[in-house]
Amino acid sequence: MVDVVENLVEARARIDAACARVGRDPGEVELLPVSKTHPDEAVRAAAGVGYRRFGENRPQELARRTGALGDLPLSWVAIGRIQSNKAKLVAEYAAELQSLDSVALAEALERRLAALGRRLTVLVQVNTSSEEAKAGFQPEETMDAVAALSRFPHLDVRGLMTMAAHTSDATAIRHSFATLRSLRDQLQAVHGPRMSALSMGMSGDFELAVEEGSTCVRLGSVIFGARPNPA
């Protein structure tokens, strides 16, 4: 049986240690537990020690979790690739979307959010490793993409997200993260300090991400164990 609370404590200690190595304030880094396919009881265990934001890959799970855990003061972060036909679920149930990867998706979200009278915090996904299998804007497209999103009043763009190169080469992984940090710095020079978020780092590489400036690490397996129903 996975000890969710113990795993959270250990992961947080690793984040804090990574911050110490590069002189960062640990308070700058959020640990976002990613609960995809894990039982509601595991989420309740994390909520019991103070976690309030959880990541989910599938929009339909956002809706289900909202109902199943409605007695808890939780908010849900959509982190997976979203098809435009699922925009309604994200607009209705998510507090944040960290994987905005096209203007078409932004348009679909804007329509749904306007109808609901809601605003949604979003991070723009960037394919910093230029791998064909990954979603996201190319680095050279990012500045123009963020500028284009300014015409959608119900989207509140707060920064960037990436997944590192799929490799065991730490240098390549760091390069993915450093590229995103550089893009974020360029965005702040144009749009101001509110464009501060850098969501980067998952279970296999989050310490490198923290050392390279991440403000949010998305942790699934190191918190909840292997997924019971991988998807």
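Two strands count as paired when DSSP finds at least two bridges between them. That idea opens this report on a predicted model.

## Strands side by side

Start with β5 and β6. Which residue of β6 stands opposite Leu123? Gly159 does. The two strands run parallel and are joined by six bridges. Strand β6 is mostly covered, with six of its seven residues buried.

| Strand pair | Bridges | Direction |
|---|---|---|
| β1 and β8 | four bridges | parallel |
| β3 and β4 | two bridges | parallel |
| β5 and β6 | six bridges | parallel |

How many of the five residues of β4 are buried? Five of the five are, so β4 is largely enclosed by the rest of the structure.

The pair β1 and β8 comes next. Strand β1 covers residues 30–33. Leu31 has Val217 of β8 as its bridge partner. Strand β8 spans residues 216–219, and both of its faces are covered. Cys216 and Arg218 are buried on one side. Val217 and Leu219 are buried on the other.

## Helix α2 and its neighbours

Helix α2 runs from residue 40 to residue 47. Its buried residues are Asp40, Ala42, Val43, Ala46 and Ala47. Looking down the axis of α2, these buried residues fall within an arc of 160°, so they line one face of the helix. An α-helix has 3.6 residues a turn, so residues three or four places apart point the same way.

What covers the buried residues of α2? The cover includes helices α1 (4–22), α3 (59–68) and α9 (221–224). It also includes strands β2 (53–56) and β3 (75–78).

Two packed helices are described by the angle between their axes and the distance between the axes. For α1 and α2, the angle is about 50° and the axes are 9 Å apart. That angle makes α1 oblique to α2. Their crossing is right-handed. On the α1 side, Val4, Val5 and Leu8 make the contact. They meet Ala42, Ala45 and Ala46 in α2. Two of these, Ala42 and Ala46, are also among the buried residues of α2.

Helix α6 covers residues 142–149. Its buried residues are Thr142, Ala145, Val146 and Leu149. They span an arc of only 95° around the axis, which puts them on the same side of α6.

Which elements cover them? Among them are helices α5 (103–116) and α7 (170–191). Strands β4 (96–100), β5 (120–125) and β6 (155–161) also belong to the cover.

Helix α7 packs against α6. Their axes come within 10 Å and cross at roughly 45°. That makes α6 oblique to α7. This crossing is right-handed. From α6, the contact uses Thr142, Met143 and Val146. From α7, it uses Leu183, Gln186, Leu187, Val190 and His191. Thr142 and Val146 also belong to the buried set of α6.

Val22 lies in helix α1. Is Val22 buried or partly exposed? It is partly exposed, because its relative accessible area is 38%. Apart from its neighbours within four places in sequence, Val22 contacts Val210 and Glu211. The C-alpha atoms of Val22 and Gly213 are separated by 9.3 Å, although the two residues are 191 residues apart along the chain.

Lys134 sits in the loop between β5 and α6. The cut-off for buried is under 20% relative accessible area. Lys134 has 18% relative accessibility, so it counts as buried.

Thr37 lies in another loop, between β1 and α2. With a relative accessible area of 21%, Thr37 is partly exposed. Its phi is near 70°. That is a positive value in a residue other than glycine.

Notes
Residues numbered from 1 in each chain as written. Predicted model: local features only at pLDDT ≥ 70, side-chain atom pairs only at ≥ 80, totals over all residues. Heavy atoms only, no water. Buried < 20%, exposed > 50% of the residue type's maximum accessible area, 1.4 Å probe, protein only. Arc of directions from axis to C-beta. Contact = heavy atoms within 4.5 Å. Axes fitted to C-alpha atoms, helices over the stretch in contact; angles between N-to-C directions. Parallel < 35°, antiparallel > 145°, perpendicular 65-115°, else oblique. Left-handed = near helix turned anticlockwise from the far one by under 90°.
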